[in-house]
Amino acid sequence: QVHTLSDLLEIPRSRLIQKGSANGCNGFHFDSRLIKPDFAFLAMEGESQDGHNFIDAAVLNGASLIIVQKSIELGNKDLTVIQHPSPLEFLQEAARRYRNSHPALFIGITGSVGKTTCKDSLVHFMGPEAYGSPGNFNNTLGLPLSILNMPPNKRFAIFEMGISKPGEMDQLSHCLNPDVMVFLPVYGSHEGNFKSRKHLLNEKLLASKFLSENDSIFAQRIQSDEIEQILGREVSLLDFTTTDLQRFGRGPANSIGFAREIAICLGVPTEDVADRLHSLQLSPLRMEIRKKGDWTFLLDCYNASPESTRLFLESIELPRESIVVLADMLELGERANQKHENLLRLAIEKKFSRLYLLGSLYSSAWRFLRQEFPGANCISFEKKIDLESELLGQRPSFLALKGSRFFKLETLVDSLGDNQTC
């Protein structure tokens with residue numbers, strides 16, 4: 001087994017309260033529905049759920065090792081049970097220890113826009129010996145989970161590092177201890193929990209706190225000077241082209257082009273990278289094209305920031321033949337209203353066939369700009385159901401959707417794709 005019971009019990013404050021048949025595990029999860037055979041289940045107390053209530057469900061899915069936070073008595077004496085006062089702390093420490101024992105080259109990726117696309121692309125370019133964190137498992141819970149679930153036979157380990165408040169990058173860098181850092185541009189995403197963009201950048205740069213002078217840091221030209229000044233060391237500035245990547249959209253093309261150059265710098269032959277590009281596919285909801293009925297959808301609604309929204313708008317090649325939906329960008333802080341006004345102005349100037357807005361922030365921005373653009377074909381909605389009703393009355397065409405995950409804009413695909421009457 002990848003993680004032995006003896007190793008797990010060496011984690012400070014761990015206590016074996018029941019010894020069953022399991023002498024270790026091959027992975028971890030906190031969601032009982034995603035437990036696999038030989039996985040350990042973390043029974044964590046959350047704000048709305050108590051994982052201790054789902055132990056039986058985890059066991060049914062194959063868990064034989066349970067990490068509990070509070071002392072409980074289980075009727076199933078075949079289970080091995082470890083108690084720790086903080087399962088999250090246990091998980092992070094277990095991840096750090098596993099990482100330090102693993103021979104792979106560990107690569108961290110952070111920035112404001114394009115982390116998942118850059119990570120997925122780099123994993124693809126590095127080939128079958130590379131492992132990448134699933135989806136956007138990049139926070140203080142998802143990152144250690146991804147590390148612990150990594151197979152022992154991989155040569156390259158590539159992980160996103162995402163933060164939403166100060167102090168989190170310290171925890172992530174402690175877990176990952178990267179050998180290589182990749183810094184994508186840092187904008188004002190999630191600036192709401194930081195004093196300024198500079199504060200956010202300084203926090204993200206803590207990802208490289210354990211790197212030596214001989215370890216590589218890759219950055220893009222747009223912010224390389226600023227990063228070098230703060231870190232007090234040189235970084236590897238990579239120039240890259242995106243002219244052959246425009247089918248992926250402006251934003252993803254930048255992340256893919258950057259990842260391509262990093263793979264080459266890390267020793268992958270250029271011809272191998274070129275061959276692998278042909279089979280590269282983006283994660284769902286990131287500039288994803290779907291067709292249903294007579295509709296063509298462009299879905300870029302996994303998340304939204306000012307920079308990713310700007311690139312999204314610039315990626316739409318035929319604006320006068322396109323219907324565009326923009327939903328609010330969340331967690332932008334005190335300047336949220338101004339950022340929505342700036343992007344709405346850009347969207348109006350693109351002269352889309354129709355422009356629909358969803359959420360209080362864009363609605364407020366439209367009220368402010370309405371007199372400046374009296375002829376704009378723009379309508380705002382506070383409720384998603386009202387937006388859906390409006391779209392159901394439109395003739396099927398090209399519909400581009402961009403917004404924060406909160407709005408789940410992709411659900412419009414099913415309701416509109418079934419509508420063939422207009």
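Helix α12 (residues 336–349) has 14 residues and reaches 20 Å from its first C-alpha to its last, close to the 20 Å expected at 1.5 Å a residue, where the expected span is 1.5 Å times one less than the number of residues. This is a predicted model, in which local features need pLDDT of at least 70, side-chain atom pairs count only at pLDDT 80 or more, and totals for chains, interfaces and linings use all residues. Residues are numbered from 1 along each chain as its sequence is written, and side-chain values use heavy atoms, with hydrogens and water left out.

**Helix α12**
- K351, whose phi is positive, near 55°, follows α12.

**The open sheet**
- Six strands, in the order β9-β10-β8-β11-β12-β13, form an open sheet with parallel pairing, two strands being paired if DSSP finds at least two bridges between them.
- At the edges are β9 (130–132) and β13 (236–237), each of which pairs on one side only.
- Strands β8 (residues 105–110) and β11 (residues 180–183) run parallel and are joined by four bridges.

**Residue Q83**
- Q83, found in strand β7 (residues 80–83), is buried, with a relative accessible area of 13%.
- The side chains of Q83 and R15 are joined by a polar contact of 2.4 Å, that is, a pair of N or O atoms within 3.5 Å, of which, within protein, one must be able to donate a hydrogen and the other to accept it, while residues adjacent in sequence count only if both atoms are side-chain atoms.

Key: Helices (H or I, at least four residues) and strands (E, at least two) are DSSP runs, numbered from the N terminus. Buried means under 20% relative accessible area, exposed over 50%, partly exposed in between (1.4 Å probe, protein chains only).
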